[in-house]
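Have a look at the structure first, then follow along below.

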Amino acid sequence: MKKDLISITDFSKEEYLRIMELAADFEKNPNQELLKGKVVASLFFEPSTRTRLSFETAINRLGGRIVGFADPDSSSATKGETLHDTIRMVSNYADIIVMRHPLEGAARYAAEVSSVPIINAGDGANQHPTQTLLDMYSILKTQGTLDDLNLFMVGDLKFGRTVHSLLQAMSVFENPIFNFIAPESLQMPRGFKHHLEERGIRYFEHEEFTDIISEADIIYMTRVQKERFSDPIEYEKVKDVYILNKAMLENTKPNVRVLHPLPRVNEIATDVDSSEKAYYFEQALNGVFTREAIISHVMNLK
Amino acid sequence: MEKNDMKKKLKLKVSAIKDGTVIDHIPAKSLFEVITILGLDTIENQITFGTNLESGKLGAKAIIKVSDKFFENDEINKIALIAPHAKLNIIRDYEVAEKKIVEIPQKITGIVKCFNPKCITNHEKITSCFSVINTSPVALKCRYCEKITAEDEIKML
Ligand SMILES: [Zn+2]
């Protein structure tokens, strides 16, 4: 059976750990010609320069060749071709497909249609599992473990798919504690809290971003976007409350690291960048090693 | 005499059906949806139905009688979402041979529309597919977009 990566929950704990192990190996030795003679289709039905460059770097370091499109306007999709037909055609050409699509569920559907593995590089607001795996790798690297961690998630927890997936992934490890810091209108959805309750995992909710972060091992920041608020006054009230600055990190634990899926707008003040607790740029680099690991894993190259 | 009366009564209740299925306790408003979902609008069997009949439980109920048709469980269970209290009488030679109730299946394929407007199933010709994660109230998780359609958001295709 072919392996795909569509949702973070498609992988077991063992597979997460396997990816981490492979990522560490690629970090030591990024250039391994495992994709030599193979063609990777990179189909970006929605532009995302960061994710695409990270994947393409990973593919190049693995010695693979890339076909595809970066801009949906140049693809046949704009000429009315269905996703079904595009995937059927491309899966005849390529050995694996990396795809990003604005519609939710597009990747799962593509996996059903395709004869070669599909890696979901983001399907609308639904899933972005390679981001989650690189987040986990960043946590593992900075904390030395994925167990017994106190994870603070800050900002837009309602629509932020990265925090949803990270919550699901981290909940399979030993004894995590979650702290959610969000304005009332952007709180973690009921379903994810229920997921934690079912597993007996502790979580706490806060509306204020204060010195409670002194307990944190990881502070995962997300963007609070103005357009998420139906009431602009509500946005004005919260927009400055959820900005992390260097002074706030003073009394935090020495091992704490600040993560962010990037791009950041203003939710992390630039004075944080010089702090040894800032980790978001390294986190982005980890994405390359993690994606090399994911490709190798789904293609059984290692 | 008494026995004949009984027979007459029974005959009246399940009028005209010698063999077949009577689907009772359908909410009156859902009658035509049930007909569509079960494909009764395209089969050639004799079908009679009544609607806006009095019912203590449902206010107004409908009933469908299909001659010479015996449904498989998963076939009939498709209507469970819109007619959760439906009861089936299997008729053989004018007698009720068996009674069945509908049950919500674990998977709902091809009959419900995903409530998420950004779901791929609402943009391409894809058979919708949900796993039933709760039955009361009903909650359906889309196989594709992973969003949950709640009972009051359920729309038939
Ligand atoms: Zn859906």
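This is a predicted model: local features need pLDDT of at least 70, side-chain atom pairs count only at pLDDT 80 or more; totals for chains, interfaces and linings use all residues.

## A helix tucked away

In H6(A), the buried residues are Arg161(A), Thr162(A), Val163(A), His164(A), Ser165(A), Leu166(A), Leu167(A), Gln168(A), Ala169(A) and Met170(A). That is ten out of ten for the helix, which spans residues 161-170 of chain A, so H6(A) is largely enclosed by the rest of the structure.

His297(A) counts as buried because its relative accessibility is 9%, under the 20% cut-off. Setting aside residues up to four places away in sequence, His297(A) touches Lys3(A), Phe11(A), Glu15(A), Arg18(A), Ile19(A) and Leu22(A).

The scores are ipTM 0.90 and pTM 0.88. For chain B the mean pLDDT is 88, with 90% of the residues at 70 or more.

## The nonpolar cores

Which residues have the most contacts inside the largest nonpolar core? They are Met99(A), Ile23(B) and Ile79(B), in a core of 59 residues. The biggest giver to this core is helix H4 of chain A (residues 106-113), with six residues. Apart from that core lies another one, of 51 residues, including Val40(A), Ala121(A), Met188(A) and Ile218(A).

Back to Ile79(B): beyond its neighbours within four places in sequence, Ile79(B) is in contact with Ile23(B), Val34(B), Ile37(B), Leu38(B), Ala86(B) and Val102(B). Nonpolar side chains tend to be buried together in soluble globular proteins.

## Where the chains meet

How many residues does each chain bring to the contact? Chain A puts in 16 residues and chain B 13 residues. Between them the two chains bury about 1,200 Å², and 46% of that is on carbon and sulfur atoms. On the chain A side, Leu103(A), Glu104(A) and Tyr109(A) supply 47% of the area buried against chain B, more than any other three residues.

## The sheet in chain B

Chain B has an open sheet of four strands, ordered S6-S8-S9-S10 with antiparallel pairing. Strand S6 (107-109) and strand S10 (148-150) are the edges, each pairing on one side only. From one strand to the next, the twist averages 30 degrees. Strand S9(B), residues 138-142, and S10(B) are joined by three bridges in the antiparallel sense. Across from Ile148(B) in S10(B) you'll find Lys141(B).

Further into the sheet, Val132(B) belongs to strand S8 (residues 129-135). Is Val132(B) buried or exposed? Val132(B) counts as buried, because its relative accessibility is 17%. Besides neighbours within four places in sequence, Val132(B) is in contact with Ile104(B), Pro105(B), Gln106(B), Lys107(B), Ile108(B), Ala139(B) and Leu140(B). The C-alpha atoms of Val132(B) and Cys142(B), ten residues apart along the chain, are separated by 9.1 Å.

Phe115(B) is in the loop between strand S7 (112-113) and S8 of chain B. With 34% relative accessibility, Phe115(B) counts as partly exposed. Not counting residues up to four places away in sequence, Phe115(B) touches Lys147(B), Ile148(B), Thr149(B) and Glu153(B). Phe115(B) and Ile148(B) are 33 residues apart in sequence, yet 8.2 Å apart in space, C-alpha to C-alpha.

Key:
Residues are numbered from 1 along each chain as its sequence is written. Chains are lettered from A and ligands numbered from 1 in the order in which they are written. Side-chain values use heavy atoms; hydrogens and water are left out. A nonpolar core is a set of buried Ala, Val, Leu, Ile, Met, Phe, Trp, Tyr and Cys residues joined through side-chain atoms within 4.5 Å. Buried means under 20% relative accessible area, exposed over 50%, partly exposed in between (1.4 Å probe, protein chains only). Helices (H or I, at least four residues) and strands (E, at least two) are DSSP runs, numbered from the N terminus. Contact means heavy atoms within 4.5 Å. Two strands pair if DSSP finds at least two bridges between them. Axes are lines fitted to C-alpha atoms, for helices over the stretch in contact, and angles run from 0 to 180 degrees between N-to-C directions. pLDDT is the predictor's confidence in each residue, from 0 to 100. Buried area is the accessible area (1.4 Å probe) that two parts lose on being put together, summed over both.
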